[in-house]
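Work through the exercises below with the sequence and the model at hand. Each task is followed by a solution in steps.

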Amino acid sequence: MKIAVIGGGAAGLMAAGSAKGCSVTVFDHMEKVGKKIYITGKGRCNFTNVCDNQTFLQNVVTNSPFLRSAISKFTPYDAIDLLENNGCKTKVERGRRAFPQSDKASDVIKALSRYAENNGAVIKLNAKVKDIVRTDDGYTVISANGEERFDRIVLCTGGMSYPQTGSDGSAYAIVKRLGHNVIAPMPSLVALLTKEDLSAAEGLTLKNVSVRTQSVKPIFGDLMITGGGISGPIALTLSAYVARDKFPYRIYIDFKPALTHEELDARLLRDFGTQLNKQFKNALDLLLPKSVIPFIIEKSGVDGSLPVNSVTKKQRARIVEVIKSFELTIIGNEGFNRAVVTNGGVDVKEVNPKTMESRISRGLYFGGEVLNVDALTGGYNFHIALATGYVAGVSVAEEDNG
């Protein structure tokens, strides 16, 4: 059986290697496979998260039930074994995150390429697929290399994040022509832009804070202030949960989530008691980073030049409230050029989760980020690509053998 795998990323190479016994051709429109893998995890490639299936699915933001079967068929331990067996030594670090032992994403690409080539897959580079046409006896792939007939198609073209790596969304039009619905793509795991000018604190990392919205419960961790807004782990996590929310919307930062309002007020009193001769604006250094203090004072409405012994209980309550619920207005994000993954893609209601085959067009399979599934940071998204690509490849081969 002739199989065309469209896309030479993690999902595509997995599908090519897993379609055992089939004649597989991989089409990739870049000059080398795995371009996005090179920049994954800042070039280190966090390829999976070594956790149980339940924990894994809890970290999937969109359509986690769809992935239940794929994750059980190809687990994080399977991912480690596959890379190890194909020449890539691995290690597990803090947060159960798995990396190549060399810290080089290129070693993951080499291992996945070897996995595909060991199955006899032919990889065609600079081979942009312009269209896929359904025929009576299969599919015709129209690419930069001409036209070629295939029995089955595995579409692993990615989403729209980091389009310079080849994930430019151009395949969505092909998917639609083949009868599928595409959920409008949105950037996810991306820095957020604020209405407020935070540039005076640019580069500051806030440790152990929390951020929430009206619809999202507090997310705890580290937050970084950028020239245009906020980034860092909890900002990226928040962006995943609100990927489809309309701008603008409000978020609330708690600078001291470990303290209740009453405990924070008592802390303020203690700090003020040791700095009686200082102005209020100079008496918060023990509690907050210096570059944040002007923002707190401005939002509190308390005169920063007041001596600390003149600050009233009511004013102190206002300061506590601002520290515990610092409001910002999110007006946008940094877009697909900076987004780690794409929220949106092929509607999974139209895909069989056990095989990754289309419910609409027989013989058409999907894998990876082209599907409307996405997760938090930590290796989950990369593993989703591996697992769905694996299931698609195995399913194609089983159909051939069956």
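**Exercise 1.** Is Arg-96 buried, partly exposed or exposed?

*Solution.* The model is predicted, so local features need pLDDT of at least 70 and side-chain atom pairs count only at pLDDT 80 or more, while totals for chains, interfaces and linings use all residues. Residues are numbered from 1 along each chain as its sequence is written, and side-chain values use heavy atoms, with hydrogens and water left out.

Step 1. The classes are buried (under 20% relative accessible area), exposed (over 50%) and partly exposed (in between), with a 1.4 Å probe and protein chains only.
Step 2. Arg-96 has a relative accessible area of 36%, so it is partly exposed.
Step 3. Arg-96 lies in the loop between β5 (90–93) and β6 (97–100); here helices (H or I, at least four residues) and strands (E, at least two) are DSSP runs, numbered from the N terminus.
Step 4. Its phi is positive, about 65°, although Arg-96 is not a glycine.

**Exercise 2.** Describe how α10 (293–300) packs on helix α11 (residues 313–324).

*Solution.* 
Step 1. Two packed helices are described by the angle between their axes and the distance between the axes.
Step 2. The axes of α10 and α11 come within 9 Å and cross at roughly 125°. Axes are lines fitted to C-alpha atoms, for helices over the stretch in contact, and angles run from 0 to 180 degrees between N-to-C directions.
Step 3. The angle therefore makes α10 oblique to α11 (under 35 degrees is roughly parallel, over 145 roughly antiparallel, 65 to 115 roughly perpendicular, and the rest oblique).
Step 4. The contact (heavy atoms within 4.5 Å) involves Ile-296, Lys-299 and Ser-300 of α10, and Arg-318, Ile-319, Val-322 and Ile-323 of α11.
Step 5. Buried residues in α10 are Ile-293, Phe-295, Ile-296, Ile-297 and Ser-300, and their cover includes α11 and β18.
Step 6. Just after α10, Gly-301 takes a positive phi of about 75°.

**Exercise 3.** Which strands pair with β17 (residues 249–254), and in what sense?

*Solution.* 
Step 1. Two strands pair if DSSP finds at least two bridges between them.
Step 2. Strand β14 (residues 205–212) pairs with β17 in the antiparallel sense over three bridges; Arg-212 has Tyr-252 of β17 as its bridge partner.
Step 3. Strand β18 (residues 326–333) also runs antiparallel to β17, joined by five bridges, and Arg-250 stands opposite Thr-329 of β18.
Step 4. Strand β17 is mostly covered, with five of its six residues buried.
Step 5. In the loop between α8 (233–241) and β17 lies Pro-248, and a cis peptide bond joins Phe-247 to Pro-248, with omega about -5°.
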